Amino acid sequence: MNRLKLSAAVLALSTGAAFACDPDFSGVEITATTQTGPYIASALTLAGEAWAEKTCGTVKVVEFPWSELYPKIVTTLASGDTSFDVIAFAPAWAPDFTPFLAEMPAEFQEGEAWEDIAPVYREQLMVWNDQVLSQTMDGDVHTYSYRIDLFEDEANKTAFREKYGYDLAVPETWTQYLDIAEFFQNDVDGVYGTAEAFRRGGQQFWFLFSHVAAYASHPDLPGSMFFDPETMDAQVNNPAWVRGLEEYIRASELAPPSALNFSFGEVNAAFAGGQVAESIGWGDTGVIAADPNQSTVAGKVGSAKLPSSTEVYNYKTGEWDTFDEPVDTSFMAFGGWQAAVPQSSRNQEAAWDFIELLSSPEISGQATVTGGTGVNPYRISHTTDMERWSSIFSEREAKEYLDTQREAVTAENVALDMRLPGYFSYTELLEIELSRALAGEVSPQEALDTVADGWNELTDEFGRDTQLAAYRSSMGLPAQ
């Protein structure tokens, strides 16, 4: 059976729903909006069918193209329009949306299901100025994928050790990651080194951020990766960022010839198509590559946390701090779709009840293994139900994938993505210079110096004090 067409009855039964309406929302229709599907929109639709069975209410899902979603939502919120009862949105937009969102009712902020949400989502990404204003409905953290068969091939292992002086294995550092990519690119026929997104407008900056996080996210200086959290001065051109960009550019040279045109979709296709030995990206890579209907490497898909570093830049001292072991760092790329209720909604009680079902362990757990929903693990229970994941993974693949997802969101040094008013203005400047650096038109330092100047100008235009307050809140830091 097509998993995208799971019946509402099956979903309802998974929650223990009876035919009686409980709670009774007969005659109530709530309207939810998000991007054009299937990704995320289909998760809302499936949950809506289950909610209808349970409560006798109905859910109407309205979809907009990605480019239209932000302006549509922000316009309706700011005007007090009552069109939407639930909005599903990107975390980066939170600073612009939160003044218009209803706080999650207290009864939803307790119990086993609440505690089951990974802390980085429950305590940080769902919170703004100490209020829970949204519910994570999708987990997004970058992780590492690799070809088990290539890494365990005896000839490859011998040749790699002879060339680099250490064993071929899951990389602990970005230096090792690039060594591995170089080895497969240059020394193994029929396969390229790695795959990442390098195309402007194709999620490229999140991949750069993953390289940078290992060097710029100091465990003793939280919130300092993008800006100085005390002054709001841009940190984007410091030595940590330069090193990260240099290695990101190097990765583009150890990839298939068309890699500069890769968005995340092409990354998944390259890995699932057996073109590359390793890659980084979201959890979709592992799921797609494990599916024999979409992949030539099913049964051979390994997973691990992102590589890290033993050196982390200290922006206060201007020096590199050295650690005995690579710092346990992961990057919450994008951060996972959020669902929230506008203050203007006329059906707030029903809307929050729907969101509770949408994000429940049963319904959200089914969505994580349902093709096309775009939902990745964000609950601890999502990563412990081996039986559910055995439908798409071998036992080894499932264990590595689930361990990786759990370890990534509970890492000691989790780096949060940038969430800031005017987000698109900041990232647009960055993408322009990233593309120039990838093309060799400017050096990494020159590119990032230009970005830093532009970011500081934007911060002044938006209001430095306003931006600083928003940045500190987004990073979970107290107000100054």
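Helices (H or I, at least four residues) and strands (E, at least two residues) are DSSP runs, numbered from the N terminus. The model is predicted, so to speak of a local feature takes a pLDDT of at least 70 and side-chain atom pairs count only at pLDDT 80 or more, while totals for chains, interfaces and linings use all residues. Residues are numbered from 1 along each chain as its sequence is written, and side-chain values use heavy atoms, with hydrogens and water left out.

View 1. A pocket here is an open set of points on a 1 Å grid over the protein atoms alone, with protein on both sides within 12 Å along at least five of seven lines; a cavity is a set of points where a 1.4 Å probe fits but cannot get out, and lining residues have an atom within 4 Å of a point. Points are joined across faces, edges and corners, and a volume is the space filled by probe spheres set on them. The largest pocket holds about 770 Å³ of space. It is lined by 27 residues, and the closest to its centre are Gln 35, Gln 203, Trp 206, Trp 282 and Phe 334. Two or more lining residues come from each of α10 (204-216), α12, α13 (284-289) and α18 (423-438). Helix α18 gives the most, with four residues.

**View 2. The largest cavity.** Searching the whole structure turns up four cavities of 30 Å³ or more. The largest cavity has about 90 Å³ of space. Of its 11 lining residues, Ala 43, Leu 358, Ile 363, Ser 364 and Ala 367 are the closest to the centre. The elements giving two or more residues to this lining are α2 and α15 (361-368). The largest share, four residues, belongs to α15.

View 3. Buried means under 20% relative accessible area, exposed over 50%, and partly exposed in between (1.4 Å probe, protein chains only). Strands count as paired if DSSP finds at least two bridges between them. Strand β2 (residues 58-64) pairs with β1 in the parallel sense over seven bridges, and Thr 33 sits opposite Val 62 of β2. From β1, the chain goes through helix α2 (residues 41-55) to β2 in a right-handed β-α-β crossover; right-handed means that, with the strands pointing away from the viewer, the path from the first strand over the helix to the second runs clockwise. Strand β3 (residues 86-89) also pairs with β1 in the parallel sense, over two bridges, with Val 86 as the bridge partner of Ala 32.

**View 4. Thr 31 up close.** Thr 31 lies in strand β1 and is buried, with a relative accessible area of 12%. Leaving out residues up to four places away in sequence, Thr 31 touches Lys 60, Val 62, Ser 83, Phe 84, Asp 85 and Val 86. Contact means heavy atoms within 4.5 Å.

**View 5. The four-stranded open sheet.** The strand order is β8-β9-β7-β10, with mixed pairing. At the edges, β8 (192-195) and β10 (301-304) each have a single partner strand, so one side of each is left without a neighbour in the sheet. Strands β7 (residues 143-147) and β9 (residues 276-281) run antiparallel and are joined by four bridges; Ser 145 has Ser 279 of β9 as its bridge partner. Helix α12 (residues 264-272) lies across β7, β8, β9 and β10, at about 150 degrees to β9. Axes are lines fitted to C-alpha atoms, for helices over the stretch in contact, and angles run from 0 to 180 degrees between N-to-C directions.
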